[in-house]
Amino acid sequence: MAGFIQRETVDAVSRAADIVSVVGEYVQLTRKGATWWGCCPFHQEKTPSFSVTPSKNMFYCFGCHKGGDVITFVMETEKLTYPEAIAQLAKKYGIEVKYAQGHQPETAKKDTEKAELVSLYDRVASMFHYLLTQTEDGAFALDYITKRGLTMQTVEKFKLGYAPADRRWLKQFLRKKNFSDEFLAKSGLFSRNYPDVAFFSDRLMFPIFDRRGQCVAMGGRILRGEGPKYLNSGDLIQYQKGETLYAFNFAKQAIRQEKKVIFCEGYMDCIAYHQCGIAYAVAPLGTALTEEQVRLVQGFADTVLLSFDSDGAGQAATWKAIVLCRRHSLSVRVIRLKGGKDPAEIMLNFGAETLTNDVNNAIVDSDYLLDSLSHTYPVDTPEGKTKACLAFFPYIDALQTEMQKESSLDQLGQRFSLSPEAVRRDFYHRDRVRERLERRQADVSNADAQDIPLNAELRAILAVIADTAFFDLMRRELTESDFEDRLAKELFIVLEECYREGDVSFSSILGHCTSENVQRMITRAVASGEFSENTEKMVADSIALIKRNGMERRRDSLMNRIRMIVPSTPEDRAALNELLAQKMDIDNRLNKKD
């Protein structure tokens with residue numbers, strides 16, 4: 001069964017591996033007599049039924065009936081083969097892996113390649129860190145992050161770095177360190193089409209560590225010039241982004257102690273939480289939260305706090321994360337940030353206390369969802385209430401107990417002034433309700449069907465849908481708040497959702513649009529070829545116009561707020577000065593465009 005690994009190695013690993021210590025890295029364990037207990041990492045439960053018996057070096061779950069020894073546990077949790085699990089434990093406990101007849105199987109060669117890639121990434125991360133902190137080339141990037149409030153202690157802890165602007169420098173540096181071109185070609189650090197050109201250049205670098213603190217991948221943020229705001233390593237043999245959480249290696253002890261975890265948007269948000277002493281924050285790596293990422297924390301945490309952006313894509317990510325976490329029997333709360341758009345901005349402008357208060361005042365997920373539905377649908381009409389209820393039902397489906405479901409159905413009825421009986425009836429017969437609603441909407445649509453008039457904002461969005469390569473440019477320059485047209489704003493959010501899900505294809509975009517009229521408009525625009533000529537100029541000009549219109553709207557809004565302030569107190573005068581400064585900034589930016 002052990003393949004080519006000698007029996008003495010297997011026995012040495014079994015003797016050395018402390019099953020309580022190994023399992024304790026994945027599950028919060030409590031001792032009761034000679035046995036340790038916790039919630040099973042292999043199925044969803046609230047009451048601990050997972051036992052570890054150190055005297056027998058075994059684990060067993062009385063709920064799902066999985067069991068075995070320490071090697072089996074590592075195989076199950078890390079999705080490894082038997083030889084791979086032995087090799088991982090052997091490395092952990094400093095045991096040499098010996099193979100029969102001196103022959104290494106393919107799995108051992110793969111482990112060796114993984115170890116070599118981890119060593120490479122660690123070396124590159126150290127060099128980037130040196131370039132950031134000790135060289136003139138990296139000084140501007142260091143200045144940027146320190147002005148955003150990061151201390152040198154934080155920079156050192158997260159090993160932040162700077163990738164040089166010369167895209168051929170890294171290959172030359174690594175060749176001098178005796179790395180072969182063949183090995184570097186599969187490292188993910190270089191362009192596939194131009195193997196001497198580095199994937200990351202002139203960027204602030206964020207090393208990505210696995211749960212054991214090994215550097216396995218990287219992310220890079222652009223600070224100047226053109227290009228995507230963030231670039232991230234793709235999946236590699238030592239790294240799968242959907243199974244990794246940024247900063248989990250730093251956060252796992254705090255998650256274990258606090259029994260809660262914060263899922264936040266990105267690198268800087270996560271780092272800001274840690275610097276403010278909130279050490280149980282982690283971040284998905286440029287993707288929507290995944291089942292595997294939730295399972296990473298499920299054994300330690302009872303409560304998830306979500307800290308995603310407040311824009312449309314961030315709200316959609318919050319909805320999906322709530323349902324996913326609830327399906328895994330985790331309580332969920334949503335952090336609403338006050339005084340800033342993200343944790344890093346709040347840390348810089350108001351300090352750790354304000355950010356801590358925002359975390360402590362996080363709202364229950366059901367309240368967040370019902371608030372969101374109240375702003376999404378016209379809940380003062382019967383049809384709006386029906387749509388809101390249908391949108392809320394998947395959340396109730398995700399709840400794990402009948403008591404939770406009943407309580408949420410009652411809350412839904414109270415929120416929208418509906419009788420408990422009506423809410424329950426629609427919940428259990430939702431397909432019929434949805435069919436009736438769609439039939440009514442189709443009747444209305446057929447009665448007054450008409451083409452959607454195209455304004456400048458819609459034309460810009462359609463041009464990007466026709467050639468999605470330009471969405472990188474649009475999302476760098478615009479946010480949903482820059483759009484005035486409701487439909488253009490919704491389609492921008494759709495594009496952002498598709499982008500974050502890694503599929504900005506025509507079919508994916510159509511799949512996110514529920515209105516047949518909108519789908520027809522998009523299909524006709526793309527098929528016509530109208531947006532296939534001079535697309536880059538059309539998109540660039542549209543972005544400039546939308547940005548200018550957005551700034552003018554913000555200036556008008558600021559002027560209205562300025563007129564309403566009577567500066568009778570120091571606080572009023574401070575608020576007035578802040579608004580005047582914001583207006584002056586917008587005026588200067590508008591004048592530069594003229």
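1. Two strands are taken to pair if DSSP finds at least two bridges between them, and helices (H or I, at least four residues) and strands (E, at least two) are DSSP runs numbered from the N terminus. This is a predicted model, in which local features need pLDDT of at least 70 and side-chain atom pairs count only at pLDDT 80 or more, while totals for chains, interfaces and linings use all residues. Residues are numbered from 1 along each chain as its sequence is written, and side-chain values use heavy atoms, with hydrogens and water left out.

2. Strand β3 (residues 50–53) pairs with β4 in the antiparallel sense over 4 bridges, and Val-52 stands opposite Phe-59 of β4. The hairpin of β3 and β4 has 4 residues between the strands, and Asn-57 in this hairpin takes a positive phi near 55 degrees.

3. On β5 (residues 67–69), which runs antiparallel to β4 and is joined to it by 3 bridges, the bridge partner of Phe-59 is Gly-68. These two strands, β4 and β5, form a hairpin with 5 residues between them, and His-65 in the turn has a positive phi of about 70 degrees.

4. In helix α1 (residues 7–16), the buried residues are Thr-9, Val-10, Ala-12 and Val-13. Seen down the axis of α1, they fall within an arc of 165 degrees and so line one face of the helix, the arc being that of the directions from the helix axis to the C-beta atoms. The face turned away from the buried side of α1 carries the exposed residues Arg-7 and Arg-15.

5. Asn-178, in the loop between α8 (169–176) and α9 (181–185), has a positive phi near 70 degrees, and counts as exposed because its relative accessibility is 71%. Lys-259, in the loop between α10 (248–258) and β10 (260–264), has a positive phi of about 60 degrees, and at 38% relative accessibility Lys-259 counts as partly exposed.

6. Ile-509 lies in helix α24 (residues 506–511) and counts as buried because its relative accessibility is 1%. Not counting residues up to four places away in sequence, Ile-509 touches Ile-465, Thr-468, Val-494, Leu-495, Cys-498 and Val-504, where contact means heavy atoms within 4.5 Å.

Key. Buried < 20%, exposed > 50% of the residue type's maximum accessible area, 1.4 Å probe, protein only.
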